[in-house]
Amino acid sequence: MIKYIYQYNEDKISQLDGYEIKIGNDTLKYGYSYDIYGNIIQIIKYKNNVEFEKIEYQYNNNQELLQEKITRNNVIVLVTNYTYNTIGNITSITRTTKQEEYSNLPYKIEFIYDTNVRMKL
């Protein structure tokens, strides 16, 4: 049997604080932290009350995602950086990893826009 339990922030109606999934004797828990703008800044994953993964997010002053960092067992496994142009369009995604499971991801993706601000293929 699988059982889901959701926990919401009492002060903010739609903000999820965390949830847990019970599968047999195992319990997976996910905890969420937010900045003052409501952006997720951290997700911590636990298995049977032991942290096994942390995802951290950083934003710029325009609330655009700048970086996502995944850590497992206190080792950074993936860092993804995002850049934007002056009007907020994403211009690049760059990934850094030393983990085999992420080795098939492209190292850098660049986005180019035409004069009508449409992404070029």
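Visitor: Why is Tyr4 called partly exposed?

Guide: The relative accessibility of Tyr4 is 47%. Buried means under 20% relative accessible area, exposed means over 50%, and partly exposed lies in between, with a 1.4 Å probe and protein chains only; Tyr4 therefore counts as partly exposed. Tyr6, at 45%, is likewise partly exposed.

Visitor: What is the basis of these values?

Guide: This is a predicted model, in which local features need pLDDT of at least 70 and side-chain atom pairs count only at pLDDT 80 or more, while totals for chains, interfaces and linings use all residues. Residues are numbered from 1 along each chain as its sequence is written, and side-chain values use heavy atoms, with hydrogens and water left out.

Visitor: What makes Tyr4 and Tyr6 a stacked aromatic pair?

Guide: Rings of Phe, Tyr and Trp (its six-membered ring) pair if their centres lie within 6.5 Å; planes under 30 degrees apart count as stacked, over 60 as edge-to-face and the rest as tilted. Tyr4 and Tyr6 are 6.4 Å apart, centre to centre, with 10 degrees between the planes, so the pair is stacked. The structure holds four aromatic pairs, and one aromatic cluster is formed by Tyr4, Tyr6, Tyr19, Tyr30 and Tyr32.

Visitor: Why is the contact of Arg72 with Glu53 called a salt bridge?

Guide: The term requires a side-chain nitrogen of Lys or Arg within 4 Å of a carboxyl oxygen of Asp or Glu. For Arg72 and Glu53 the N to O distance is 2.5 Å, so the contact is a salt bridge. The pair links distant parts of the chain, 19 residues apart: Arg72 lies in strand S6 (residues 65–72) and Glu53 in strand S5 (residues 50–59). Helices (H or I, at least four residues) and strands (E, at least two) are DSSP runs, numbered from the N terminus.

Visitor: How do you know whether Glu53 is buried or exposed?

Guide: Its relative accessibility is 6%, so Glu53 counts as buried. Arg72, at 23%, is partly exposed.

Visitor: How many salt bridges does the rule give?

Guide: The count comes to seven. Among them is the one between Lys22 and Glu20, at 3.6 Å, N to O. Glu20 is buried at 12%, whereas Lys22 is partly exposed at 32%.
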